[in-house]
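Please keep the model in view while reading.

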Amino acid sequence: MSLDKQQVNHIAMLARLSVDDDEIDDVVAKLSSIVAFVDQLQTAATDDVLPMAHPMERCQRLRVDAVTEIIDRDRFQKNAPQVSNGFYLVPKVIE
Amino acid sequence: MGDSSGPFYRLSLAELSRGLNRGDFTASEITSALLQRIHDHQALNAFITIVEDEAMAAAEAADAARDAGNAGVLCGLPIVHKDLFCTAGVRTTCGSRMLDNFVSPYDATVVERMARAGAVMLGKTNMDEFAMGSSSETSYYGPVINPWGLDRSPGGSSGGSAAAVAARLVPAATGTDTGGSIRQPAALTGTTGIKPTYGRVSRFGMIAFASSLDQAGVITRSAEDAAMLLSVMAGFDERDSTSVDHPVPDYQAALSAPLNGLRVGIVKQHFDDGLDEQCAARVKEALAVLQHQGASLVEVDLPHLDLSVPTYYVVAPAECSSNMSRFDGVRFGHRAENIGDLLDLYCRSRAEVFGAEVKRRIMTGAYVLSAGYYDAYYLKAQKVRQLISQDFKNAFATVDVIAGPTAPTGAFAIGEKTNDPITMYLNDIYTIGANLAGLPGISVPCGFSDRLPVGLQLVGPHFAESAVLNCAHQYQRVTDWHKCCPEDFT
């Protein structure tokens with residue numbers, strides 16, 4: 001199946017990506033070709049097959065609830081684009 | 001041994017180790033010579049970052065440790081890391097403009113273990129952006145050149161690591177493999193590359209692409225060198241929730257078993273249309289060598305092999321779209337200027353710096369996970385993944401390893417496949433199955449097609465790294481393909 005511009009813009013919004021007008025046609029064409037390609041999966045008979053989420057068929061390991069990492073805020077925030085008094089700055093979200 | 005900067009680059013890791021142990025030379029001498037060679041060949045674009053001062057300091061520390069009788073198993077041996085492994089204090093870009101200025105506050109476990117064993121890190125290698133690619137062309141830092149043909153791609157995504165080892169800039173490099181990203185570049189550059197069992201090597205500090213598929217490994221000049229490094233890298237790590245607590249055998253000690261009685265599976269689907277004729281011929285010659293060494297060849301069936309690439313291109317993008325959501329322009333990475341609201345901050349910060357392939361994978365993932373399409377794509381792909389995994393289990397009931405081609409062709413030209421994602425994706429047809437099923441696989445050089453290297457892939461059951469490495473090593477004992485070096489780099 002192929003996708004249209006409206007669908008691609010919706011997907012881009014879900015993915016938190018903006019797509020420029022001059023690139024939208026190319027994005028639509030290439031995403032459509034990928035979706036058409038993975039559509040081959042529909043040919044496989046998968047009734048009664050359990051979905052496989054993990055290659056080792058193992059359960060998530062549990063650990064003791066103990067503090068193992070120490071947060072060094074100043075060092076971590078050195079990579080942040082904008083901080084103030086130890087806070088990450090973002091545009092106003094509450095009026 | 002020739003002039004002081006001459007001999008080192010020709011030596012394998014094992015040879016360098018023996019020389020250091022004998023006192024023939026020092027880690028400082030090796031490091032200084034290889035740093036010079038890396039500089040001399042910057043045109044390959046194999047590196048994103050070179051760390052001279054840190055490397056020289058680490059080499060001096062290694063020499064001092066050796067003098068004091070405290071030499072670790074990798075003491076003084078040079079290593080470079082794919083720029084996807086976090087390195088404390090040295091920037092980690094993952095090949096993306098998003099992380100152009102990112103400096104990790106911690107070391108990846110792989111980096112830490114190698115450093116603790118005394119290895120000297122010389123730099124960080126170039127790669128496809130966030131490991132999403134099969135040609136090392138999607139890097140923000142430009143494409144990597146294959147030393148076997150300067151218009152050729154070295155494959156990807158660990159193309160910088162593969163090119164650096166192939167050009168003898170370094171004897172060994174780390175890589176990561178989500179769908180073939182160690183084995184395919186190893187094949188295209190005439191090097192040896194191993195992807196261990198999922199969970200064998202810690203993923204802590206590896207920038208995640210597809211978490212149920214990613215696994216760290218190495219690219220070297222021989223299986224012997226890969227065994228030495230894997231012994232250090234492998235093992236349980238409580239900081240990686242998917243790390244498997246399973247004993248680590250002595251991989252080097254496992255390299256002495258004769259191939260007598262080894263059952264080698266040949267997959268009939270491997271030799272269908274799509275495999276270059278010369279590649280097929282080289283792989284068949286390699287199989288004959290294994291047979292001559294005492295292995296028996298047994299035909300096996302992987303009936304769902306043709307669905308492995310479509311399965312991967314649902315599962316991997318789905319996991320990618322989740323993993324990539326961490327790049328929000330708030331805590332680290334690029335942030336757009338003159339932003340409006342928070343949504344605008346997210347959308348533009350991401351769109352401005354992610355490359356086209358990364359965006360395609362994020363959007364493919366968002367689509368297959370979205371309401372109305374989840375069952376038809378993501379759930380369906382997980383079921384087909386189960387079928388593919390079962391195919392391998394059935395095959396390993398009758399054989400010890402599976403042997404076949406690593407890639408369908410030799411190295412393709414830079415730019416040849418960039419406009420058609422599907423053609424690029426199909427380059428990983430023979431490697432993806434091992435990732436979907438979590439199996440260990442290695443690629444070793446087995447000859448040439450039009451003067452470009454061809455790789456033989458060996459895949460084993462879970463945790464059969466010893467068998468896979470030994471089979472590769474026995475093959476390399478009687479062949480010289482892994483010793484071939486591109487003309488301008490001898």
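In strand β4 of chain B, A172(B), T174(B) and T176(B) face one way, while A173(B), G175(B) and D177(B) face the other, and all are buried. A residue is called buried if 20 or more other C-beta atoms lie within 10 Å of its own, exposed if 12 or fewer do, and partly exposed in between, with C-beta atoms placed from the backbone. Strands (E, at least two residues) and helices (H or I, at least four) are DSSP runs numbered from the N terminus. The model is predicted, so local features need pLDDT of at least 70 and side-chain atom pairs count only at pLDDT 80 or more, whereas totals for chains, interfaces and linings use all residues. Residues are numbered from 1 along each chain as its sequence is written, and chains are lettered from A and ligands numbered from 1 in the order in which they are written.

β4(B) pairs in the antiparallel sense with strand β6 (residues 215-220) of chain B over six bridges; pairing requires that DSSP find at least two bridges between two strands. Within this pairing, G175(B) has G217(B) of β6(B) as its bridge partner.

The loop between α5 (159-166) and β4 (172-177) of chain B holds R168(B). Why does R168(B) count as buried? The reason is that R168(B) has 20 C-beta neighbours inside 10 Å. Leaving aside residues up to four places away in sequence, R168(B) touches Y9(B), R10(B), C485(B) and F489(B), contact being defined as C-beta atoms, placed from the backbone, within 7 Å. By comparison, D250(B) is 82 residues from R168(B) along the chain, and their C-alpha atoms are separated by 27 Å.

Chain B as a whole comprises 15 helices and eleven strands. Its radius of gyration, taken over C-alpha atoms, is 21 Å, close to the 23 Å that the globule rule gives for 490 residues, so chain B is as compact as a globular protein of that length. The globule rule is 2.2 Å times the number of residues to the power 0.38. Of the 490 residues of chain B, 63% count as buried. Among contacts in chain B between residues at least 6 apart in sequence, 76% join residues at least 24 apart.

Finally, chain B meets chain A: 54 residues of chain B are in contact with 39 residues of chain A. On the side of chain B that touches chain A, α12(B) supplies the largest share, eleven residues.

Note on methods
Two residues are in contact if their C-beta atoms, placed from the backbone, lie within 7 Å.
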